[in-house]
Structures are given as structure tokens and as C-alpha cells.
Amino acid sequence: MSRAISLRQVSKSYTRGVSVVERLSLDVAPGEFLVLLGPSGCGKSTVLRMIAGLTDPTEGQIRLDGVYANHLEPADRDMAMIFQNFALYPTMNGRENIGFPLRIESPGQDPRSRVDATAKMLGIEDLLDRFPHQLSGGERQRVAMGRAIARHPSAFLMDEPLANLDAKLRNRLRAEIARLTRGLGVTTVYVTHDQAEAMSLGDRVAVLRGGVLQQVGTPRTVYALPENVFVAAFIGTPRISLLRGIVLAPLDGAMSIGLGRQALVLPEPLCLDHRLLRVHQGHEVIVGLRSEAVRIAKPAEARPGEVAISGLVEHVEFQGHEVLVHFNTGSQPAFVPDLEAPRPVPRPPRRRRPVGGVLGRLRDRAGALRAGPVVVLEDPGDAGQDGTELPPPDGRLPGDLIVRTTPDHELHHGMQVPLLVDLAHLFVFDHEGVRISPAPARLPDLED
Ligand SMILES: Nc1ncnc2c1ncn2[C@@H]1O[C@H](COP(=O)(O)OP(=O)(O)OP(=O)(O)O)[C@@H](O)[C@H]1O
């Protein structure tokens, strides 16, 4: 049996007043593979441990198949956990490690047939007689998987199970995990800070920041329609370029987004998303451009929906099959905090019960921002006292725009290069970092 897991307004504080998980609501459907994704310290493992029953929520409800389950002991939840450190018993060989939970569950029964069937499924028959110290990291993780699978649990809870393995093995085991869990149809909650892993494994991905859910959706949705700059910046490689801009919508002229020394002129007739930007006239916004949104080409080569800018080559990253070019377009980058760092969340004052409709969405927005601002707009120029430009903070590479291109362009530092921006791939976020274009699917003033 595969089970539904629900969290309702779940919070956890280890220290009074500091929430490491903040009013998290999430539904995992039976058989679904849900990935909890976020930077180190954002509360992913705490959420998993609360689902497992290893940590008690401070507030809120854990429901299993719709039934309140906060009080259930871990052993009564019928879930198997797989950890990053494999957690095998060192004095037991593979067979005993896999069979151990079966012996505990059904003391009178011989687990041999189930151990053998599991080992066959995982292709680890030859590892059954070896002890953990005689196994490689990948082999240990396969035995640990075997131990979890043999129990026929109703859910798998996996906490960075591949984190201790090298990149090649990680990719292989990732594919194995996907194949196995789909084949078994068992509900899986998988914790990782690796966005590529999350995107390749999850039916849906739940992005956490500072203990607060930012967005949950299919990998395609969180990539293509990130709800805020944190999600946009956390998902995707290379990281999305986020530029500070200003909406310019003169009554008698073309609408554009000023980007410091240049502007993106929005072509007429304006599409609905661009028309909706008009209400932000004169306001600061953040423009998001993924590396595939811009190509190196002359203005004359522009296709419909592409607009011309130019960039100064600051840095070229050769990657073999492609090249990442870091350009300076003369705009100011926006800084997104917490992409890597942990961030404890001071508990805000209690709010009333959530409501639906417009108020509900405003509350959701407040929720996503509750862990603190998702973007910091720095002072223009980042100038030092003597007026010289300071290097970018936190080790960011120079330039404000990364473009992915083929290796056949001869590019070097200092070249001024024509660029075409595909407006179909343009994101615009407001000054708080919330996406305003493409517009949210349901507009507050057009419903309810
Ligand atoms: N038992 C505990 N007592 C006090 N604080 C804790 C405890 N367990 C976790 N924390 C804190 O809660 C926060 C969230 O921790 P958690 O392990 O859930 O994060 P995570 O996202 O899984 O991080 P990582 O990816 O590094 O494992 C961190 O700030 C951590 O220091």
C-alpha cells in the first residue's frame, strides 16, 4: 500500500521564538515522488523527520491517508528512511542488514526469501555476504536501499541518500532510485539541496527557504514559472541573471524596461503580460534572463519577439560542448540572499486562519516572503569611498548576464558583442522579488 502524506500548517522550533519550519502545508499523493529542495539549513531534514515521527512538530498536523498521525510512533507509520550516511550495522553482512528490520517486524519468520528477492531486484546478490567495510559507498547505499525496500513500506523517506557518492555514481544511482520507486509505486519524499537531482527525480519539487515553502510544482513549472527570484535563482544551471530595471511606459511612446545603460524595448502590439506591466510604470523591477533567453547575434538577425542589446565580454567559461559567456551590459545585478546559507527564521506574530481567494493569495505571497526579503537591491554602482567600483560581493563572477553559446564563437575579454533577448523567456519580478511577468495564471482582480 502506498500512502498519502499531508502536512497542515506545520511549524517546528528548537529554540523558543526561532522557527526552523514555518507553517508548512503540503500534500503528497499516494505513489508520488516529492522532492524537498533548498539550501543547507532550510529545514528539509526537519520536515522529513517530522513525517517519520522522529521529531515532533511544535504546531500543526501530520496526516497519513487523511488521518491525524502526530502521536504515532515511527514504527507505527510504516515508512522506511534512507540516510546519506547509509546507516548500516557494521557487524552484520549485507544479508543480515537487509533482513534485520524483517526479523524485528515478524520475529518468527525467515526473511531469506524476501532478502533474496530484494537483492535480485537491486542486482546486489553478490554483496549479501560482505560486511559494510568491504563495500564501496555506492554498494553500501544499494544495501541500505535493499533494507528499506525489503520491508515493503508504504512510503520511502530519503535524506540526501546520494550526497556521499561521487558525481558519476550519483547519476547512476539517481536513475536506479527513479526506476525502483516508480516500479514499486511507493510514495517517496526525497530531501536534497541539489537542484539538478530534484529536477531529474521529482514528480513535484517543493522549494524551501528559511523553513518557509516558496513554491511547489512539477520540475517544468518551477523552472518555467518560478514564483519569486529565490526559486528562479535556486533552480537552473547556470544561475539565472537577475538585473535591476525600471518600467518605462510613456503615454506617447514605446514601453520599455530600462536596464541602466540600455533598455529592452517591448515590441508593439504589446502582449498581455507586457500590457499588465504598465501598472508598474516608474517602478523598480528585477528582470530575469536565463542563459537560453539571450543569443549572440546582430540586430538585423532578430526574429519576432527578440530585442537587441549589447554586452561587453567579462569572462568566458569553456565547457567543451558549450561556452558560458559572462557579459557586462551596464545594468546592476540584484542580490538574492540565502541561496547557499542557512537562515534561522524569527517567529512573526500569529496570523488568523488562512482564507481563500484574493486574501488567500496575498497571504501566500506574505508566506513566501516571511523568511525575509528574497532579494536585496544594492545601491547603484557599489562604489567605494573614492568612487571606484567594488568587486562583486560573495564571490560572484564579474558581469551581469550569462549567455550560453556554442564553442565556435571567438570571444575574448573586452569584446563588445551584439545580443538578442528573446522576450518569450523574459521574467519580471517586482521589487520584493515576486514574479509579475509572466503574470500569475489567476489574476486577483479577474476572479472571485
Ligand atoms: N536538534 C536540533 N536542535 C536545534 N537546532 C536544530 C536541531 N536540528 C536541526 N536544527 C537546526 O534547524 C535548522 C534546520 O535544520 P535541518 O537539518 O532541518 O536543515 P536541512 O535543510 O536539512 O540542512 P542540510 O541540508 O544541511 O542537512 C538548522 O538551522 C539547524 O541548525
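pLDDT is the predictor's confidence in each residue, on a scale from 0 to 100. This is a predicted model, in which local features need pLDDT of at least 70 and side-chain atom pairs count only at pLDDT 80 or more, while totals for chains, interfaces and linings use all residues. Residues are numbered from 1 along each chain as its sequence is written.

The chain has an average pLDDT of 86, and 87% of its residues score at least 70. Two stretches stay under 50. For residues 380-395, where pLDDT stays under 50, the model has ten contacts beyond four places in sequence; two residues are in contact if their C-beta atoms, placed from the backbone, lie within 7 Å. Residues 349-355 also stay under 50, with three such contacts. Where pLDDT is low, the predicted coordinates should not be read in detail. For the complex, the predictor gives an ipTM of 0.97 and a pTM of 0.86.

The UniProt record, an unreviewed entry, places the feature "domain: ABC transporter" at residues 5-235. UniProt positions are given in the numbering used here, feature names are shortened, and annotations may be inferred rather than shown by experiment. Over residues 5-235 the chain is 36% helix and 27% strand, and the end C-alpha atoms lie 25 Å apart. Helices (H or I, at least four residues) and strands (E, at least two) are DSSP runs, numbered from the N terminus.

Which residues are closest to the ligand? They are Tyr14, Val20, Ser40, Ser45 and Thr46, out of 13 residues that surround the ligand. A residue counts as near if its C-beta atom, placed from the backbone, lies within 6 Å. Helix 1 (residues 44-52) gives the most to this shell, with three residues. By class, the shell has five nonpolar, seven polar and one charged residues (Ala, Val, Leu, Ile, Met, Phe, Trp, Tyr, Cys and Pro count as nonpolar, Asp, Glu, Lys and Arg as charged, and the others, Gly among them, as polar).

An open sheet of six strands runs in the order 6-7-8-3-9-10, with mixed pairing; two strands pair if DSSP finds at least two bridges between them. Strand 6 (79-82) and strand 10 (212-217) are the edge strands, each pairing on one side only. Strand 9 (residues 204-209) pairs with strand 10 in the antiparallel sense over five bridges, and Leu208 stands opposite Leu213 in strand 10.

Another open sheet has five strands in the order 15-21-16-17-20, with antiparallel pairing. Strand 15 (294-296) and strand 20 (401-405) each have a single partner strand, so one side of each is left without a neighbour in the sheet.
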